[in-house]
Amino acid sequence: MLNFQQKFLKKYRKGDEKMLYPALITSLIVGLGIIDELTLQWQTTRAIWTGPIVGLLLGDFETGLLIGATIELMFLSNVIVGAAGIPDVTISSGIAVALAIVSDIPTDMAIALAVPVAIFGQFMSTIRFSVLGVPLAHLADKPASEGNIKAVLRTPKFGLFIISLLYIIPTFIAVYFGADLVASLVDKMPVELINAFGVGSRLLAAIGFAMLLSMLKSRKLTPFLIFGYVLAAYFKLNIIGTVLIALVIASLYIVFNKKEVENYD
Amino acid sequence: MTNVKKFEKLTKKDLWKIYFRSYWIRTVNCPDRMQSLGLTCAITPILEKYYNTEESAEIMTRYLEEYFLTNPIMSYWIIGIIVSIEEKIAQAISESKEFSRDIISAVKTALMGPLAAIGDGLYNGTLRPVVAGVACSLALDGNAFAPFLFVLIMASVNIFIRYTGIFVGHEQGANFFEKLQSSGALKRIIEAANIVAFIVVGSFATTNVSFKLGIKWMEHAAENYTTLQSVIDGIMPGILPFMFTIFTWWLIEKKRIKPITLIVVYLIIGILLSYLGILV
């Protein structure tokens with residue numbers, strides 16, 4: 001499979017083919033992601049999926065994995081609550097990986113590039129909700145008042161089609177026309193600045209964790225945070241071990257609390 | 001006035017139909033009604049089974065016009081419960097008993113808030129970040145299966161909640177969540193999930209927020225540089241990223257600074273400090 005990819009990659013890097021294939025692949029994966037988000041919600045919108053898959057299809061799975069995981073950590077606890085727009089992880093990770101591979105820019109640069117794209121993507125969800133949402137949702141009014149069930153069921157399908165275009169088209173344009181532009185910009189940049197971008201983007205993971213913390217409502221349990229720190233810093237426990245210990249403590253908590261309630265009765 | 005074609009209990013096949021049509025729950029949202037179109041689609045199998053065109057029009061319009069908003073995955077529990085009530089209403093009509101559809105609006109309004117809190121808190125707020133965090137750590141170590149593991153776990157839990165929502169929700173009816181809530185079980189489960197989240201975030205923040213101080217000086221006798229970072233690591237390893245995360249938490253929570261603002265500010269500060277050699 002990798003062999004096939006390398007052959008293919010060589011072919012399109014000769015320059016005559018332009019950016020059609022990467023642009024198509026990236027917008028396809030982003031489009032599938034948004035369709036999933038609006039129906040199945042298997043979380044294929046997340047950067048940890050979009051990044052590696054775009055990478056795989058463009059011939060550099062490892063770069064996709066690295067960029068996808070880093071962006072995922074940055075936006076770890078994005079939660080869609082009602083109408084609030086959130087930084088978009090799908091478009092940003094897809095474009096970042098595509099540009100890193102096609103324009104051959106350093107991964108740190110690509111990650112830093114993902115930030116403005118994510119903010120732009122937040123704008124997309126506002127358009128989807130406030131501008132497109134109203135006419136699309138009200139398409140069902142007339143068939144509903146006529147009792148036409150089939151026509152009512154057609155409206156979300158049509159809406160899904162229109163909304164997915166809203167994400168697919170900008171992604172395609174960004175990769176198709178942006179690749180050369182970004183490559184030439186990065187070529188002129190001093191190495192120190194590129195490294196600096198890397199350091200800057202690595203600070204961003206703190207924001208994802210902080211957002212997650214602000215979602216946890218049982219504040220009397222905050223000391224467990226320090227417990228997690230001790231496990232990582234002093235015991236050098238890897239993440240799977242940490243999750244297992246956390247699960248044990250959580251189940252002990254449930255068991256002991258239950259007894260307390262029973263005694264109370 | 002209203003008529004039922006012919007009453008018979010909902011079959012497994014009907015429930016599966018409801019399950020699949022419920023996937024439209026949040027496809028087309030709009031500010032004035034949110035997920036009401038999705039909910040209308042979800043209950044169409046009931047209309048097809050019990051009612052004629054006229055009654056269907058009346059019921060669909062009512063569902064469409066009523067605001068509905070909850071966590072999309074947990075909405076399956078509400079749909080399951082609504083379906084069980086709709087079934088009872090159809091039975092009541094067929095036996096020419098009195099009925100009122102107002103109970104459905106009441107159940108919807110009563111459940112959508114708490115279920116949104118559970119779904120957003122446990123699934124989106126705890127499970128997804130914890131599993132994603134684990135997958136990211138694996139991915140950064142070069143494990144190629146990490147993304148597939150992430151989607152596999154999320155999809156299985158997702159399908160499990162949706163399936164039990166329709167089938168158990170339909171069987172148990174509206175009392176289920178009341179029982180769960182009054183026994184205190186729900187509160188304990190949420191607290192236990194918070195424990196997992198706190199421990200995992202404590203560990204993640206220490207290992208994944210990676211920056212080091214670049215400040216260094218020459219010890220008078222030694223030939224090597226001593227870095228401030230190594231001094232700090234000797235006292236409390238990994239404390240800087242951990243404290244930095246707590247500081248960010250404080251900014252978001254107490255100072256109400258928007259995460260998106262922080263992202264831009266941190267990126268700029270990081271680039272500046274790195275350029276000056278303070279961070280490496």
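Where is the place of Asn158(B)? Asn158(B) sits in helix α6 of chain B, which covers residues 146-172; helices here are DSSP runs of H or I with at least four residues, strands are runs of E with at least two, and both are numbered from the N terminus. The model is a predicted one, in which local features need pLDDT of at least 70 and side-chain atom pairs count only at pLDDT 80 or more, while totals for chains, interfaces and linings use all residues. Residues are numbered from 1 along each chain as its sequence is written, and chains are lettered from A and ligands numbered from 1 in the order in which they are written.

With 21 other C-beta atoms within 10 Å, Asn158(B) is buried; a residue is called buried if 20 or more other C-beta atoms lie within 10 Å of its own, exposed if 12 or fewer, and partly exposed in between, with C-beta atoms placed from the backbone. Once neighbours within four places in sequence are left aside, the contacts of Asn158(B) are Gln41(A), Trp42(A) and Ile73(B), a contact being a pair of residues whose C-beta atoms, placed from the backbone, lie within 7 Å. Ser56(B) is 102 residues from Asn158(B) in sequence, and their C-alpha atoms are 31 Å apart in space.

The two chains can next be taken in turn. Chain A has twelve helices and zero strands, so the pattern from the N terminus on is α-α-α-α-α-α-α-α-α-α-α-α. Of the 265 residues in chain A, 49% are buried. Among contacts in chain A between residues at least 6 apart in sequence, 72% join residues at least 24 apart.

Chain B contains eleven helices and two strands, and its order along the sequence is α-α-α-α-α-α-α-α-β-β-α-α-α. In chain B, 45% of the 280 residues are buried. Residues 24 or more positions apart supply 69% of the chain B contacts with a separation of 6 or more. The radius of gyration of chain B is 27 Å, whereas a compact globule of 280 residues would have a value near 19 Å; this radius is taken over C-alpha atoms, and the globule rule is 2.2 Å times the number of residues to the power 0.38. Along the principal axes, the C-alpha atoms of chain B fill a box of roughly 100 × 40 × 30 Å.

The contact between the chains takes 94 residues from chain A and 91 residues from chain B. On the side of chain A that touches chain B, helix α12 (residues 239-264) gives the most, with twelve residues. That side of chain A divides into 66 nonpolar, 22 polar and six charged residues, where Ala, Val, Leu, Ile, Met, Phe, Trp, Tyr, Cys and Pro count as nonpolar, Asp, Glu, Lys and Arg as charged, and the others, Gly among them, as polar.

One helix pair spans the two chains. Helix α11 of chain A (residues 223-233) packs with helix α8 of chain B (residues 185-208) at an angle of about 45 degrees, their axes 7 Å apart. Axes are lines fitted to C-alpha atoms, for helices over the stretch in contact, and angles run from 0 to 180 degrees between N-to-C directions. α11(A) and α8(B) are therefore oblique to each other, given that angles under 35 degrees count as roughly parallel, over 145 as roughly antiparallel, 65 to 115 as roughly perpendicular and the rest as oblique. Their crossing is right-handed; a crossing has this hand if the near helix is turned clockwise from the far one by less than a right angle, and is left-handed if anticlockwise. Among the residues that meet are Phe224(A), Phe227(A) and Tyr229(A) from α11(A), and Ile195(B), Phe198(B) and Thr206(B) from α8(B). By class, this contact has 13 nonpolar, five polar and no charged residues.

Within chain B, helix α4 (residues 75-94) packs with helix α5 (residues 102-140) at about 165 degrees, with axes 10 Å apart. α4(B) is therefore roughly antiparallel to α5(B), and the crossing is right-handed. The residues in contact include Trp77(B) and Ile85(B) of α4(B), and Lys108(B) and Met112(B) of α5(B). This contact has eleven nonpolar, no polar and one charged residues.

Two backbone angles in chain A close the account. Most residues other than glycine have a negative phi. Asp104(A), however, has a positive phi near 60 degrees and lies in the loop between α5 (89-102) and α6 (107-138). Asp104(A) is partly exposed, with 14 other C-beta atoms within 10 Å. Lys236(A) also has a positive phi, of about 50 degrees, and is found in the loop between α11 and α12. With 11 other C-beta atoms within 10 Å, Lys236(A) is exposed.

Methods: Contact = placed C-beta atoms within 7 Å.
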